[in-house]
Amino acid sequence: MLRPPRRLPRPLRRAASTGPGPGRRLLLSTPIFYANGPPHIGHLYSALLADALHRHRGLRGAGPGRLSTGTDEHGLKIQQAAAAAGTSPPELCKRVSGLFRQALSQAAVSFTDFIRTSEPHHQRAVRHFWGALQDGGALYKGCYEGWYCTPEECFLPESQLAERRDAQGRPCKVSLETGHQVHWTKEENYMFRLSAFRDPLRDWLRDNPGAIAPDPFYQRVLRWLEEDLPDLSVSRERSRLQWGIPVPSDPTQTIYVWVDALVNYLSVVGYPETHGEWWPAAHHVVGKDILKFHAVYWPSLLMAAGLPPPERIFVHSHWTVRGQKMSKSLGNVIDPAACIGQYTLDGFRYFLLRQGVPERDCDYYDEKVVKLVNSELADALGGLLNRSTALSINPSNTYPCFSESCFPKVSDYREAKGLGRASAEDYELVASVASLPLQVASCFEGFQIYKALECIALCVRQTNGFFQRHKPWKLDRRDPAEQLWLDTIIHVTLECLRVYGTLLQPVIPHTADRLLSRLAVEPEERGLSNLTFLPRYDGKPCPFEGRELGPDTGVLFHRLEKPRQRQHQIETKKL
């Protein structure tokens with residue numbers, strides 16, 4: 001196998017417009033989803049994580065942002081799936097891509113860009129990127145043989161294989177991680193000199209410890225870089241793979257589907273002409289199964305083309321169904337549209353983002369969705385809004401006044417006894433809610449959205465305890481002192497609800513909108529950058545005090561019915 005003389009990776013060109021600070025641009029991206037089958041909840045989970053990050057950033061007023069998603073439409077898998085379905089690859093991709101666009105729109109994913117790798121502008125970007133690799137001496141042609149996994153579209157080393165038996169009982173080799181069968185393949189391909197990028201990758205990760213989050217995945221990539229890093233086959237013989245982008249100036253070869261797919265993050269921001277306005281201010285949200293492609297191959301390819309790696313890669317784990325991996329053969333693939341129909345849009349968004357823990361696989365079953373959503377959205381949050389705005393408690397239908405004599409500001413709430421009507425637990429509530437926006441922001445920054453929702457749910461429970469503890473329905477409105485305390489209880493409760501509604505906008509946008517509208521919070525008052533809690537406690541004016549509440553649109557979130565039987569939303573559509 002002949003190789004050109006080794007060249008060191010080129011110096012990286014950083015875009016001047018992506019420096020830190022307010023007003024900077026940022027691209028958030030989901031993976032582009034493989035168009036060989038309809039979407040399932042694993043796809044939706046990736047998209048919702050990215051969507052929540054994008055919405056949260058927008059509410060902070062952090063600067064121009066884009067959220068990209070789309071479909072990966074080339075490769076042997078597509079070619080084979082189309083043949084099995086008796087259709088052409090373009091027709092299959094058009095139909096499946098439409099299903100993904102529809103599913104993401106139905107789930108209120110606020111994407112700004114939907115890219116298809118079969119589009120001409122993307123193919124032009126891929127050809128230019130290939131040229132940059134070639135010009136930099138990163139490619140050479142040689143004979144390559146090894147175990148190829150078609151479902152994963154990659155070669156696998158012996159260390160990642162296991163011996164199994166196929167459906168006919170014959171011995172075969174499969175991928176240790178996925179169980180997919182592999183086949184021995186020998187081809188003359190273009191190779192990418194990945195082995196030359198071990199040190200540049202280590203330097204990048206050492207200098208940017210937050211580049212891959214959460215930390216266990218960062219550590220996993222560091223361990224990979226301690227192992228052998230062989231050169232990467234980046235093309236396939238055209239005789240085997242016709243459905244893909246031909247290698248420029250060599251019509252006998254097709255560009256490797258993963259090189260093609262990864263370039264979508266550049267083509268979506270205008271590569272090769274205008275990408276500098278956005279790149280490298282990019283945060284990729286990816287599943288752990290494609291971590292190596294994004295954290296090893298992609299940064300190396302970028303550096304070889306003279307471009308810096310993305311700023312951050314956020315990694316999440318998978319969803320199982322009652323402890324089993326989702327698969328068509330088991331008939332347990334969960335259809336997002338059916339789940340949204342049964343659990344509502346915001347109910348299902350909340351469940352996935354509240355229960356999904358990036359570091360470990362999460363299990364789905366119907367009863368868990370119903371129990372969580374009823375407990376935290378219908379009962380705790382919805383019940384609190386209903387009770388604190390009921391005409392029997394708040395007949396004026398206003399945001400009542402706060403009494404500093406009833407709830408005086410103290411430096412140490414343990415010494416507050418006798419100064420007013422508030423108890424030590426009440427001061428603890430105020431401290432918890434006051435610190436909540438920063439806690440939530442920190443969780444979002446660390447890709448721990450489930451922890452943000454956990455913190456909010458805890459404060460909602462505390463606020464219900466506050467309301468229940470003081471029993472405002474028992475206070476005598478005819479007594480001026482009691483009326484002051486009643487108004488203060490309601491004021492504090494509504495202030496808590498206003499904070500929760502504002503913070504929940506990235507996760508349950510429609511429910512949060514109804515809650516904030518009920519509290520008469522105007523659209524321009526719903527941002528995170530100027531969110532303050534209970535200003536009257538600090539002696540400052542409250543713009544909501546005395547304001548008439550918004551229309552009562554009924555129950556904030558209706559309780560879900562318990563599943564009658566174990567009826568999963570199974571995707572049965574045939575391709």
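**Backbone features and the domain interface**

In this predicted model, A108 is located in the loop that runs between α3 (89-106) and β4 (113-116). Although A108 is not a glycine, its phi is positive, at about 60 degrees.

The bond from A213 to P214 is cis, with omega near -5 degrees, and P214 falls in the loop between β10 (212-213) and α6 (215-224). W279 and P280 are likewise joined by a cis peptide bond, for which omega is about 10 degrees. P280 is found in the loop that separates α8 (264-267) from β15 (282-287).

Salt bridges were then considered. The count for the model comes to 32 salt bridges. One of these is formed by the side chains of E158 and K173, with an N to O distance of 3.6 Å. This pair links distant parts of the chain, its members being 15 residues apart. E158 belongs to the loop between β6 (154-156) and β7 (161-165), whereas K173 is part of strand β8 (residues 171-175).

With regard to overall organisation, the domain assignment of the chain gives domain 1 as residues 26-316 and domain 2 as residues 369-548. The contact between these domains draws 16 residues from domain 1 and 16 residues from domain 2. A distance of 45 Å separates the C-alpha centres of domain 1 and domain 2. The size of an interface is often expressed as the accessible area that is lost when the parts come together. For domain 1 and domain 2, the buried area is about 1300 Å². Carbon and sulfur atoms contribute 74% of this area.

One salt bridge is counted between domain 1 and domain 2. E445 forms a salt bridge with R312, in which the closest N and O atoms are 3.1 Å apart. On the side of domain 1 that touches domain 2, the elements giving two or more residues are α1 (41-60) and β16 (312-316). The largest share of this side comes from α1, which supplies eight residues. By class, the side of domain 1 that touches domain 2 comprises ten nonpolar, two polar and four charged residues.

In an unreviewed entry, UniProt places the feature "domain: Methionyl-tRNA synthetase anticodon-binding" at residues 422-522. In the model, residues 422-522 are 77% helix and 0% strand. The end C-alpha atoms of this span lie 30 Å apart.

Technical notes. Residues numbered from 1 in each chain as written. Predicted model: local features only at pLDDT ≥ 70, side-chain atom pairs only at ≥ 80, totals over all residues. Heavy atoms only, no water. UniProt positions renumbered as here; feature names shortened; annotations may be inferred. Helix = DSSP H or I, 4+ residues; strand = E, 2+ residues; numbered from the N terminus. Domains from an automatic or database assignment. Contact = heavy atoms within 4.5 Å. Buried area = accessible area lost by both parts, 1.4 Å probe. Salt bridge = Lys/Arg side-chain N within 4 Å of Asp/Glu carboxyl O. Nonpolar A, V, L, I, M, F, W, Y, C, P; charged D, E, K, R; others polar.
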